[in-house]
Structures are given as structure tokens and as C-alpha cells.
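Have the sequence and the 3D view handy before reading on. We'll take a walk through the fold.

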Amino acid sequence: MYQRILVPIDGSATSTHAASEAAKLAKLCGAQLRLLHVIDMGEYIYGYETPAAYSRIHPCVVSAAKQLLSETRSRLGESGIAVDVELLESCGAQVSAMIVAQAVRWGANLIMLGTHGRRGIQHVLMGSDAERVARTSPVPILLVKQGPVKAATAQLTGMRALDVDEAQDAI
């Protein structure tokens, strides 16, 4: 089964949920988890900052990233699974490409990451690192969408279940 599961995290609720689900899977499989966080300073800089401002922001971002990895590692490690961490910084590379490269370099059997499940114009405008990882990765992907199951089933309107005989006649 899976021996090495790579879990990219960014501190969002969806990545936290994916990390928790990955820990459950790792426990079942006896797998090792690697938590990965990629710093992309492009998210924090608009191009109008002075070099002095950048030099003050960068250490704060690195410190927050290390804290995120440490806290998540501690929380998941309480369940008795092996968890290590990796912190990378993008110097112009796409975050999704860095995730895939890390998975290949580390020899991951699975990449498990959270997704917001955006659709329509939100998806077009915001893009999706998870989707880019899924499209380009040679390693199997498991996307974890956060949200209660009850909310998903409540949206199942405008359809009906067919019994097997009725379904066969429709074909």
C-alpha cells in the first residue's frame, strides 16, 4: 500500500483537514508522512515595497511557516505516526511544480492535499494549485475537500433513485 504520503499544507482549513485525513490513512497503512510548506513571497508582495520592507516581511513569513509545520507535525505525531517536515521557498517556480518535484524527489507513493472545490468564475480567477498538481503529477493524488457530508447530501435535489429493473430498462 502507501509507505510515503506527501501532504502539502498552507494553514488553510482545507489543508488542515487533508493533513488529518492523511494521518488516519498513514496510521492504517503504517506510512510515513511528510508535511510540505512552500513559501511564495509573491503572495505577500505587491511590487511597491522597498527592499527594507521586504527584508522585514520575509523573516516573519519564514517564522510563521516553521511554526505551522512544527504545530502540525506535533498534532499529527500524537497519533504515533512518523511525520517529518520540509520547507521550501519559491524563487519564481510555480508552487504546484514544486510540490510535484518534491513528491518525486522524496519517493512519495501518494500526494494528499486539500482543495476548496471552487467552480465557475471563482476557479477561473483564483486557479487551483491542487488541480495543477493533479494534472502534472506522476504520483497518485488524493484530493480532500473540506465540508460536512450532510451539507453535500442536502444539495442532492432534482433527482430520484431508480430501482435496478427500472435502471436496466433505461439503458
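This is a predicted model: local features need pLDDT of at least 70, side-chain atom pairs count only at pLDDT 80 or more; totals for chains, interfaces and linings use all residues.

Residues are numbered from 1 along each chain as its sequence is written, and side-chain values use heavy atoms, with hydrogens and water left out.

**The layout**

The chain has seven helices and five strands. Here helices (H or I, at least four residues) and strands (E, at least two) are DSSP runs, numbered from the N terminus. Along the sequence they come in the pattern β-α-β-α-β-α-β-α-α-β-α-α. Of the 171 residues in the chain, 33% are buried, where buried means under 20% relative accessible area, exposed over 50%, and partly exposed in between (1.4 Å probe, protein chains only). A contact means heavy atoms within 4.5 Å. Among contacts with a separation of 6 or more, 76% link residues 24 or more positions apart.

The five strands form an open sheet in the order 3-2-1-4-5, with parallel pairing. Two strands pair if DSSP finds at least two bridges between them. Strand 3 and strand 5 (141-145) are the edges, each pairing on one side only. From one strand to the next, the twist averages 25°. Strand 1 and strand 2 run parallel and are joined by five bridges; Val7, for one, has Leu35 in strand 2 as its bridge partner.

**Helices on the sheet**

Angles run from 0 to 180 degrees between N-to-C directions, and axes are lines fitted to C-alpha atoms, for helices over the stretch in contact.

| Helix | Strands touched | Angle |
|---|---|---|
| Helix 2 | strand 2, strand 3 | about 165° with strand 3 |

**Helix 3 and its partner**

Helix 3 (residues 95-106) has twelve residues and spans 16 Å from first C-alpha to last, close to the 16 Å expected at 1.5 Å a residue. That expected span is 1.5 Å times one less than the number of residues. Its buried residues include Met98, Gln102, Ala103 and Trp106. Among the elements covering the buried residues of helix 3 are strand 1 (4-8), strand 4 (110-115) and helix 5 (129-136). Just after helix 3, Gly107 takes a positive phi of about 80°.

Helix 3 packs on helix 5 at an angle of about 45°, with the axes 8 Å apart. That makes the pair oblique; angles under 35 degrees count as roughly parallel, over 145 as roughly antiparallel, 65 to 115 as roughly perpendicular, and the rest as oblique. Val95, Ser96, Ile99 and Val100 of helix 3 meet Asp129, Arg132, Val133 and Thr136 of helix 5.

**Two residues to look up**

Thr72 belongs to helix 2 (residues 51-77). With a relative accessible area of 7%, Thr72 is buried. Leaving aside neighbours within four places in sequence, Thr72 is in contact with Ile9, Ala19 and Leu35.

Leu88 is found in strand 3. At 18% relative accessibility, Leu88 counts as buried too. Not counting residues up to four places away in sequence, Leu88 touches Leu36, His37, Val38, Ile39, Met98 and Gln102.
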